[in-house]
Amino acid sequence: MDPPHRLLMGPGPVNVHPRVLRAMSADMLGQFDPEMTRYMNETMALYRRVFMTENRWTFLVDGTARAGIEAALVSLVEPGARLLVIQAGRFGLLLSEIGQRIGAEIRTLDIPWGEVASLEQIEAAITTHRPQVFAAIHGDTSTTMAQPLAGVGAICQRHGVLSYVDATATLGGMAVATDAWGVDVVTGGLQKCMGGPPGSAPIT
Ligand SMILES: Cc1ncc(COP(=O)(O)O)c(C=O)c1O
């Protein structure tokens with residue numbers, strides 16, 4: 001294989017930094033090698049900064065961003081549970097599709113593509129639908145709009161709702177303020193603002 005060099009100007013994947021490419025050709029270590037566990041601890045600590053969180057359980061799921069979304073939703077949503085999703089673009093729809101496959105009862109807060117939901121709309125939808133889990137996309141790549149999330153965690157906590165945010169398109173490019181937002185689980189991907197290869201999904 002000798003793939004040509006391309007300047008990637010789409011919303012992801014983007015060109016990967018040469019240091020990252022070099023690191024990807026490093027030799028294999030066993031998973032219990034102290035050198036390996038040291039790297040893993042360092043990776044977790046560095047990702048806590050990226051996610052702006054104190055959460056110890058910040059790590060990587062092997063797989064594309066979808067693998068992180070699935071890990072989060074399968075862990076948060078039981079079959080038959082009600083999942084409320086902000087649908088304002090293609091990736092909100094993806095959350096509903098994954099929720100459906102888990103067997104969740106899907107409720108949507110439908111927003112015209114190109115717009116974002118207000119805190120009032122989110123709280124009204126939670127009051128109407130009484131979900132167990134609330135899910136939203138931070139930056140929906142299909143519309144380029146960023147959903148404001150300050151205050152969303154407090155609303156969810158007031159109503160006893162678990163919260164999930166997909167920050168695949170924004171992680172490393174905009175503040176993903178996990179602890180300040182007060183959301184329970186956030187996931188991302190590497191192949192956009194992080195400038196890495198697809199195939200690793202950071203999660204906190
Ligand atoms: C907002 C958002 N979520 C999820 C995904 C899915 O990412 P992946 O193709 O790495 O599974 C994408 C990919 O473009 C995305 O933009």
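This briefing walks through the pockets, the cavity and some backbone details of the structure above. The model is a predicted one, in which local features need pLDDT of at least 70 and side-chain atom pairs count only at pLDDT 80 or more, while totals for chains, interfaces and linings use all residues. Residues are numbered from 1 along each chain as its sequence is written, and side-chain values use heavy atoms, with hydrogens and water left out.

**Pockets**

- Rolling a probe the size of a water molecule over the atoms shows where empty space is left.
- On a 1 Å grid over the protein atoms alone, a pocket is an open set of points with protein on both sides within 12 Å along at least five of seven lines, and lining residues have an atom within 4 Å of a point.
- The largest pocket has a volume of about 1500 Å³ (grid points are joined across faces, edges and corners, and a volume is the space filled by probe spheres set on the points).
- Its lining counts 28 residues, and A23, Y39, T43, L60 and S200 lie nearest the centre.
- Helix 1, helix 2 (34–50) and strand 1 (59–62) are the elements that each give two or more residues to this lining (helices, H or I with at least four residues, and strands, E with at least two, are DSSP runs numbered from the N terminus).
- Helix 2 gives the most, with 9 residues.
- By class, the lining of the largest pocket has 19 nonpolar, 5 polar and 4 charged residues (Ala, Val, Leu, Ile, Met, Phe, Trp, Tyr, Cys and Pro count as nonpolar, Asp, Glu, Lys and Arg as charged, and the others, Gly among them, as polar).
- The second largest pocket holds about 270 Å³ of space, and its lining includes P13 and L21.

**The cavity**

- A cavity is a set of grid points where a 1.4 Å probe fits but cannot get out, and the count comes to 1 cavity of 30 Å³ or more.
- The largest cavity has about 90 Å³ of space; of its 13 lining residues, I86, A88, I137, D140 and Q147 are the closest to its centre.
- This lining is made up of 5 nonpolar, 6 polar and 2 charged residues.

**Buried and exposed residues**

- L21 sits in helix 1 (residues 18–23) and is partly exposed because its relative accessibility is 49% (buried means under 20% relative accessible area, exposed over 50%, partly exposed in between, with a 1.4 Å probe and protein chains only).
- P202, in strand 9 (residues 200–203), counts as buried because its relative accessibility is 0%.
- The C-alpha atoms of P202 and T64 are separated by 9.6 Å, although the two are 138 residues apart along the chain.
- W113 lies in the loop between strand 3 (105–110) and helix 5 (119–129), and it is exposed, with a relative accessible area of 56%.
- W113 and G89 are 24 residues apart in sequence, yet 5.5 Å apart in space, C-alpha to C-alpha.

**Backbone details**

- Most residues other than glycine have a negative phi, and most peptide bonds are trans.
- G12 and P13 are joined by a cis peptide bond, with omega about 5°, and P13 lies in the segment before helix 1.
- R130 has a positive phi, near 45°, in the loop between helix 5 and strand 4 (133–137).
- T144 is not a glycine, but its phi is positive, at about 70°; T144 lies between strand 5 (139–140) and strand 6 (145–146) in a loop.
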